[in-house]
Amino acid sequence: MRVWLAMALQAMCLGLSVTMQHYPTTWGHYDMCKSQVYTDEGLTWDYMACQPEAADMTKFLKVTLDPPNITCGDPPETYCALENPYMCNNECDAGTEELAHPPELMFDFEGRNPTTFWQSTSWRKYPKPLVVNITLSWNKTIELTDDIVITFESGRPEQMVLEKSLDYGRTWQPYQFYATDCLDAFTMEPKTVQDLSQFTLLDIICTEEYSRGYVWKYDKTVRFEIKDRFALFAGPRLHNMASLYGQLDTTKNLRDFFTLTDLRVRLLRPATGATMVDDSNLSRYFYAISDIKVHGRCKCNLHANSCAFDKEKLSCECEHNTTGPDCGRCKRNYQGRAWNAGSYLPIPKGTANICVPNNIGPVNCNCNPFGSESDRCNGTGYCKCKAGATGLKCHECLPGYLWDHGCKSRVCDNELLRCQNGGMCVNNVRCQCPAAYTGLLCEKVRCEGEPGGCGDSDTAHAALPPSLVLLMLSLTGVLLLTQACWETTP
């Protein structure tokens with residue numbers, strides 16, 4: 001009996017450890033803005049970086065279509081199935097509730113039978129393009145936390161663009177292009193998110209993965225992969241959120257990539273299921289969307305853990321003496337120092353960077369003389385850190401920096417800034433390049449800068465001594481073996 005009980009307990013512990021391994025713990029949520037703590041001076045507030053929980057953001061958006069009269073049903077129209085041009089029993093009538101397909105049905109509860117969906121008019125004006133712009137607006141800056149997923153009730157479009165705006169729809173940037181033939185549609189080489197790396201994560205790609213015709217009629221979704229991009233820093237199961245948060249904290253372009261105020265779906269060519277359009281039966285060609293999923297959170301600059309939706313508008317419920325829709329400025333009479341966004345670092349609590357009262361002068365807080373701009377700070381005990389420094393006393397370095405009498409930008413490391421072409425990182429400050437390569441990260445063939453160029457492409461390879469090649473291969477094998485062991489260790 002005791003043996004059986006011991007085995008059962010061991011199995012339970014193993015199961016618990018596996019569960020904890022597969023799912024990140026809650027430290028990454030930053031769900032508390034402050035807590036009371038006891039110090040030598042009594043009860044006081046300890047301030048932390050904080051952010052709202054992720055949510056279904058389609059509950060808070062406004063949707064607009066261009067052209068405005070592109071929704072089917074006015075006048076009533078009969079549609080044929082794409083895969084069977086003789087099956088023409090689908091009717092759209094805006095005046096009959098059961099037969100209407102307004103845009104609101106892209107965001108209603110899924111799981112109904114029959115499925116509810118928005119539907120466009122048919123391609124009755126062919127060969128004029130059937131183009132539809134679907135704009136989702138929040139009138140608020142939001143941060144994406146999960147994949148954008150669009151589910152089509154009709155065949156998936158043969159050409160489509162997903163775009164974003166950071167300025168409430170005044171300007172737009174592409175997020176991703178979708179086509180059955182990327183070269184033909186957008187003069188872009190086809191790629192997938194698996195082709196991206198940490199260095200190319202911000203690249204705008206065209207993918208053919210989600211544009212198959214009606215033959216794959218059960219493939220209805222089109223995705224913009226957020227989590228796969230997160231995984232480039234946090235690992236395939238998002239275990240290492242510390243790495244991702246560190247990158248978001250220190251790389252503005254990366255943080256902005258996942259931030260938006262508006263999304264726009266540009267439908268450029270409907271599914272045709274063939275190389276040629278059957279202009280004798282144009283009622284087969286249209287767009288129909290049953291669901292759009294957008295998960296994210298209000299952007300509050302790490303100064304709020306909740307976001308209110310009042311009078312059709314989202315707004316952060318700001319802490320840390322900040323105010324504004326995004327907590328983007330200090331309250332009146334709390335401008336004793338310049339406003340700053342909160343910081344995810346150091347993990348797990350981050351740095352609040354609270355706004356302080358105007359009447360509190362500088363005090364001595366023992367700021368690190370190398371990491372801080374001054375040894376004095378305002379009354380909250382926070383120091384103003386130099387570029388690359390962090391921590392209460394500016395005594396720590398952000399990712400990408402190395403402490404050397406202050407935080408110095410790393411030239412190389414073994415994680416993100418790898419020396420290329422067999423180069424070796426020396427003390428994080430320089431790459432020791434093989435004889436045939438040069439450049440900050442050994443990224444250039446040495447002969448490229450010489451008169452006459454490289455000439456024979458074999459020259460660069462011949463310049464490598466055999467002993468160095470063997471050494472590089474040995475080091476690569478050790479690194480790969482170490483990485484494999486690390487990934488398989490529970």
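Start with cysteine 72 and cysteine 92: the link between them is right-handed, with 80° about the S-S bond. Keep in mind as you look around that this is a predicted model. The two sulfurs sit 2.0 Å apart in this disulfide. Cysteine 72 is in the loop between strand S4 (62-66) and strand S5 (77-79), while cysteine 92 belongs to strand S6 (residues 90-92), so the pair ties together parts 20 residues apart in sequence.

Next, pick cysteine 298 and cysteine 307, joined by a disulfide with S to S 2.0 Å. The torsion about this S-S bond is about -80°, so the disulfide is left-handed. Cysteine 298 is buried at 4%, whereas cysteine 307 is partly exposed at 27%.

Now go to cysteine 318 and cysteine 327, with S to S 2.1 Å. This disulfide is left-handed, its torsion being about -100°. Cysteine 327 is buried, with a relative accessible area of 0%.

Which residues does aspartate 146 contact, leaving aside neighbours within four places in sequence? They are Ile226, Lys227 and His295. Lysine 227 is 81 residues away in sequence, yet 5.8 Å away in space, C-alpha to C-alpha.

Last stop: helix H4 (residues 241-250). Its buried residues include Met241, Leu244 and Tyr245, and the buried residues of H4 pack against helix H3 (227-234) and helix H5 (252-257).

Terms used
Residues numbered from 1 in each chain as written. Predicted model: local features only at pLDDT ≥ 70, side-chain atom pairs only at ≥ 80, totals over all residues. Heavy atoms only, no water. Buried < 20%, exposed > 50% of the residue type's maximum accessible area, 1.4 Å probe, protein only. Helix = DSSP H or I, 4+ residues; strand = E, 2+ residues; numbered from the N terminus. Contact = heavy atoms within 4.5 Å. Disulfide = S-S within 2.5 Å.
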